Amino acid sequence: MKHIDIIDILNNDANMGKSVTVCGWVRTSRDSKNVAFLELNDGTSLKHLQIVLDKAKFDNCSPYMPGGTSLKVEGTVCEGINGGVEINADAVTVLGACPGDYPMQKKRHTLEYLRTIPHLRVRSNTFNAVFRVRSVVSDAIHRFFQNRNFVYVNTPILTASDCEGAGEVFKVTTIGYSDKYKSEDEYYSSDFFGKRAGLSVSGQLEGEVAAMAFGKIYTFGPSFRAENSNTPRHVAEFWHVEPEVAFADLNDIIEIAEDMIKYIITEALEKCPEEFEFFEKFYEKGLTEKLKKVASEKFAILDYTDAVELLKKSGEQFVYPVEWGCDLQTEHERYITEKICGKPVFVTNYPKDIKSFYMKQNPDGKTVAATDLLVPGVGEIIGCSEREADLDKLLSAMEAKHMTVDEYHDYLDLRRFGSVPHSGFGLGLERILMYMTGMSNIRDVILYPRTVGNIR
Ligand code: 4AD
Ligand code: MG
């Protein structure tokens with residue numbers, strides 16, 4: 001169907017006075033004595049396009065009016081009364097009528113209610129804005145890495161190894177319930193792959209394989225976690241950006257992570273001014289200023305040991321007590337980034353016992369060269385580390401964590417054949433989107449959130 005995107009009508013003066021065809025859904029309508037007005041949206045812009053129907057030309061406007069009705073409109077582009085652009089309609093075709101039980105007709109629904117209609121909530125202004133920013137951010141991520149000689153690789157989603165070792169892998173099986181097998185081993189050896197398989201929690205291990213050939217790589221795809229945590233920051237399926245860089249230590253990768261975040265934010269602010277104005281108005285006052293500051297100021301860096309001392313001295317009553325060696329909980333992370341630093345902060349050198357096997361062991365024997373990037377309002381958005389490049393040290397870490405070394409044969413080969421210092425990180429796309437849009441629940445920045453007890 002030949003037509004012009006509404007964004008091009010709104011932004012391009014060259015269409016003024018011309019005869020055009022636009023398509024879209026009615027958002028609101030207003031009837032007066034001689035004219036009727038429709039606000040049409042085709043999803044290309046947060047702003048609607050006003051359609052003016054001269055009633056002398058249309059004997060019955062009512063089929064065009066209900067919210068949600070899809071229309072094709074032919075007409076002339078004119079200047080509106082209050083400036084801006086509108087269409088003086090010559091012909092209107094109803095593509096799909098929309099009856100009165102359409103749930104999106106009401107002006108403002110709660111986000112909670114909208115979550116019950118994921119197939120329709122995307123038609124609201126909030127989701128229009130969130131998903132355009134999501135698209136622009138995804139593009140900026142690709143551009144950031146592509147401009148710097150990174151190779152984009154697609155790591156497998158079906159995998160036989162658990163990268164994070166946290167036991168949060170979704171099992172993949174084609175057999176299902178059966179009392180035919182006497183043991184789990186017997187079950188899995190009869191299964192599709194002849195062994196245990198699952199959905200990848202991270203593309204890192206395969207990313208390291210690629211980085212040992214292409215030097216600098218990144219992956220950008222879904223990761224899956226069977227975490228039994230029902231929080232506003234966790235989903236079972238999230239989009240994961242994972243660069244892996246050869247010949248890079250922890251400081252090098254921190255620099256890349258910081259540059260990437262700043263690049264993404266700058267691009268989004270430039271390309272989505274209306275969307276940020278919208279978030280500012282409805283979701284987070286001061287959002288644009290906050291993001292501009294983040295894009296221009298150096299992030300903080302704080303050693304884990306110092307962070308624990310500061311938390312202990314804070315006098316704050318935490319639900320989970322803080323001691324050296326503890327994993328930082330969201331309440332601690334948020335206190336560090338919001339109260340202690342007041343900006344994004346890389347917390348570095350975590351105790352080795354609470355982190356994954358692959359992280360480079362520091363000379364102190366207690367900590368690893370790992371860092372999490374924490375941001376105000378959200379907490380952790382990046383998990384990052386230098387990788388252990390020494391075969392013997394890696395093996396001893398795996399043994400200490402009681403891992404089945406045989407399953408990591410290929411990974412260990414990387415340390416046998418031309419091992420190099422290398423580092424990487426994982427950014428959760430939905431986490432940074434929460435930070436950038438002011439949405440306080442991760443369920444509202446992803447099309448279909450998968451959480452405990454919830455899939456459709
Ligand atoms: O800190 P994580 O577990 O690190 C890794 O998976 C490393 N293998 C990454 C690497 O070095 N290549 O996860 C990385 C990020 C987190 O900081 C968070 O932003 C996001 O992934 N993430 C989740 N996002 C939403 N829901 C969940 N359940 C998430 N789990 C992790
Ligand atoms: Mg982490």
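This is a predicted model: local features need pLDDT of at least 70, side-chain atom pairs count only at pLDDT 80 or more; totals for chains, interfaces and linings use all residues.
Residues are numbered from 1 along each chain as its sequence is written, chains are lettered from A and ligands numbered from 1 in the order in which they are written, and side-chain values use heavy atoms, with hydrogens and water left out.

**Stop one: the strands**

Select residues 70-79, which make up strand β4. Strands here are DSSP runs (E, at least two residues), and helices are runs of H or I with at least four residues, numbered from the N terminus. Two strands pair if DSSP finds at least two bridges between them.

Look for S19, which sits opposite T76 of β4.

Pick K72 and you'll find its bridge partner, T93, in β5. β4 and β5 form a hairpin with five residues between them, and G83 in that turn has a positive phi of about 75°.

**Stop two: two loop residues**

Most residues other than glycine have a negative phi. Select N349, in the loop between β12 (345-348) and β13 (370-375); its phi is positive, near 55°.

Then jump to H402, in the loop between α12 (391-400) and α13 (409-416). Phi of H402 is also positive, near 55°. Is H402 buried or exposed? H402 has a relative accessible area of 73%, so it counts as exposed (over 50%; buried is under 20%, partly exposed in between, with a 1.4 Å probe and protein chains only).
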